Amino acid sequence: MIIARYIRPRPAIVTAASYLQSFRTGGLAYITRSPRPAVPVCTTRRTSTTTIHTMAPRKSKAAALDTPQSESSAFSSTLDSSAPSPARNLRRSGRNILQPTSERDRDHDKRSEEEVIGRMMGRDANGHCLREGKEQEEGVKMAIEGLARMERRLQRATKRQKKQLEEDGIPVPSVVSRFPTAPYHHKSTNDEEREVKEPMLTTHSNDVEGEAEIGVDDVVKMEPAATNIIEPEDAQDAPERGAARPPAVNSSYLPLPWKGRLGYACLNTYLRNAKPPIFSSRTCRMASIVDHRHPLQYEDEPEHHLKNKPDKSKEPQDELGHKFVQELGLANARDIVKMLRWNDKYGIKFLRLSSEMFPFASHPVHGYKLAPFASKVLAEAGRVAAELGHRLTTHPGQFTQLGSPRKEVVESAIRDLEYHDELLSLLELPEQQNRDAVMIIHMGGQFGDKAATLERFKKNYARLSQSCKNRLVLENDDVGWTVHDLLPVCEELNIPLVLDYHHHNICFDPAHLREGTLDISDPQLQERITNTWKRKGIKQKMHYSEPCDGAVTPRDRRKHRPRVMTLPPCPPDMDLMIEAKDKEQAVFELMRTFKLPGFEKINDMVPYDRDDENRPAPPQPKAPKKKKAAGKRKRAAADEEAVEPEEVVGAGAVEVIDAPEGPKEVSEEERAMGGPFNRVYWPLGCEEWLKPKKREVKKGKVPEEGEDGGEFVG
């Protein structure tokens, strides 16, 4: 195979990307590292040696017309491996011209960011426009070099991660699939079985700022990456999850008449936009906790973000930092009562509490216990939930992974679960409601080996307190853990399993089920799932959501739709958590669509107007002033002196304007509760109705011809 390229006359550094690209394309590659004149070089690659023929610089187009046929065909003749090479240009070894250059030349080779952007835009180092052909060549070369740098950075990062895992004593798998469904029908792949179809490259140790120098050897190979990636052609058993996947097979069953409880997660959009807002996820940055360890500038006055800030010149106290973040948690906990009463008014009796209610409570340094400072507030919220018969649950974040191979991740997961357990315990709910207050987590990553991950999960699950074990629940996810993966573990460890219909449609085992709600509703499978709840005496719950319109790939389909359009084929008495962007409005949409109990209480909002908030009286409008002629002003002033004020009547008197309505006062119990007409529903896409309409500044109108100010035609 013969490769012709342009390099500089001086010793050159051939980048890995350009060398590899030459083998892939089998054609011309251009390496113009500087504005110096380029010299065409023909490289004839054989199994034992590398012969390089240096040719004269290329002539211009005008000069090429006058070139004799023998001279103009000299370069093309060198492309034929059988053609003899000129003796004066013959070099026996390619290593002679590939020696490292000096530091001065190496610095000269580095392009600035402006030069790279300029060449991509069709300009050279001096700012002159390049020819169309040369512009394309420069753009392709810049793109190839950028991809090569990205590949080298990825390899170095992978090596560092592998080294860290080896230091922790964790076995590193030889093959990791980039497809989440590939492990279901995993096919072993050995490096020895792989057939090398194209020559590879060996990088030298003198790698400077990501620019690896390479040499042209007889058999050249690149250092193997830390983790082999299965390419699409190697993962033949991975099922298609894109637009070409088989159509979903859904059930036609609807759980009507509905007797269960519908719920939403963490945030109420109507209450969040109230004044002042009502929500339970106030948080802060860790830097704010560190800063608030210092006393205020004026300790006797309330804090102000400009006039009375923490004074860092004073001695820090950890108690002050904890007090600052604990006040945020107490404010979040107080708003739970308002959210529960609002939900009960509109027929919602199921709520997921925010995991961010007490910020950084499970942090290894800035963490804190909830008792005793939050015991009273949480007990009051639990009393209201018990009075209204509402169910409360939590869902720790995706970083809570008991099957992780990293010890620090497992320790953080255990602390986080203990924090959630303490939060639910301090609610002091009745026995059954306390049993139903569960903590839902995912299995997390697969880490290259599902079996090993499950063993680590079992080992770390045994470390949890009995209270955490009583509340812990597993949920199938949309990445790699299907219902069939988790159900045996749940049955073995006596852990309830939450079925998420949306996650099942993205991640499922095609050997057992098809996409859709029909196969997952198999009576035998549903009975196994239900038994995981009955053994612990916990009320079963399920999750439901839908992908956004137009989503095709698994990554796009994971995003939840603002509102769901139907109900899943679950039992009619199920506790169903609706995971949608519009929160309580998604529940209202289902209630209105299927006429579920309580739908008649929900009415549409008036855009940008809320009659359930305190409203000050509008300002008193001023009476319009009338312009008077200069001659009449003196007579009007004389008349006003002669007539007493009570006698001023008639056309010259100022009109009396009715006073506007006074300030509107709303009691704290009725504030943000929807007003007398329960106007709490806003249509899809109209979330701006929740806030007052912004003032629109009208620009002055330019008079057109024929209007006032135009040309007068008499």
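Visitor: Where should I look, and how do strand 7 and strand 8 pair?
Guide: Strand 7 (residues 261-265) and strand 8 (residues 350-352) pair in the parallel sense over three bridges, and the bridge partner of A265 in strand 8 is R352. Strands (E, at least two residues) and helices (H or I, at least four) are DSSP runs numbered from the N terminus, and two strands pair if DSSP finds at least two bridges between them. This is a predicted model, in which local features need pLDDT of at least 70, side-chain atom pairs count only at pLDDT 80 or more, and totals for chains, interfaces and linings use all residues. Residues are numbered from 1 along each chain as its sequence is written, and side-chain values use heavy atoms, with hydrogens and water left out.

Visitor: What holds paired strands together, in general?
Guide: Strands of a sheet pair through backbone hydrogen bonds, either parallel or antiparallel.

Visitor: And what is the strand order in the open sheet?
Guide: The open sheet has eight strands in the order 9-8-7-14-13-12-11-10, with parallel pairing. Strand 9 (391-393) and strand 10 (439-442) stand at the edges with a single partner strand each, so one side of each is left without a neighbour in the sheet.

Visitor: Can we zoom in on strand 12? Which way do its residues point?
Guide: In strand 12 (residues 497-500), L497 and L499 point one way while V498 and D500 point the other way, and all are buried, where buried means under 20% relative accessible area, exposed means over 50%, and partly exposed is in between (1.4 Å probe, protein chains only). Two bridges join strand 12 to strand 11 (residues 472-475), the two running parallel, and E475 stands opposite V498. Strand 12 is also joined by two bridges to strand 13 (residues 541-544), again in parallel, with D500 opposite H543.

Visitor: Switching topic, which residues have the most contacts inside the largest nonpolar core?
Guide: They are F358, L370, F457 and I578, in a core of 104 residues. Helix 10 (residues 318-345) gives the most to this core, with nine residues. A nonpolar core here is a set of buried Ala, Val, Leu, Ile, Met, Phe, Trp, Tyr and Cys residues joined through side-chain atoms within 4.5 Å.

Visitor: What does F358 touch?
Guide: Leaving aside neighbours within four places in sequence, F358 is in contact (heavy atoms within 4.5 Å) with residues including G329, L330, A333, Y368 and L370.

Visitor: Is F447 buried, partly exposed or exposed?
Guide: F447 is partly exposed, with a relative accessible area of 33%.
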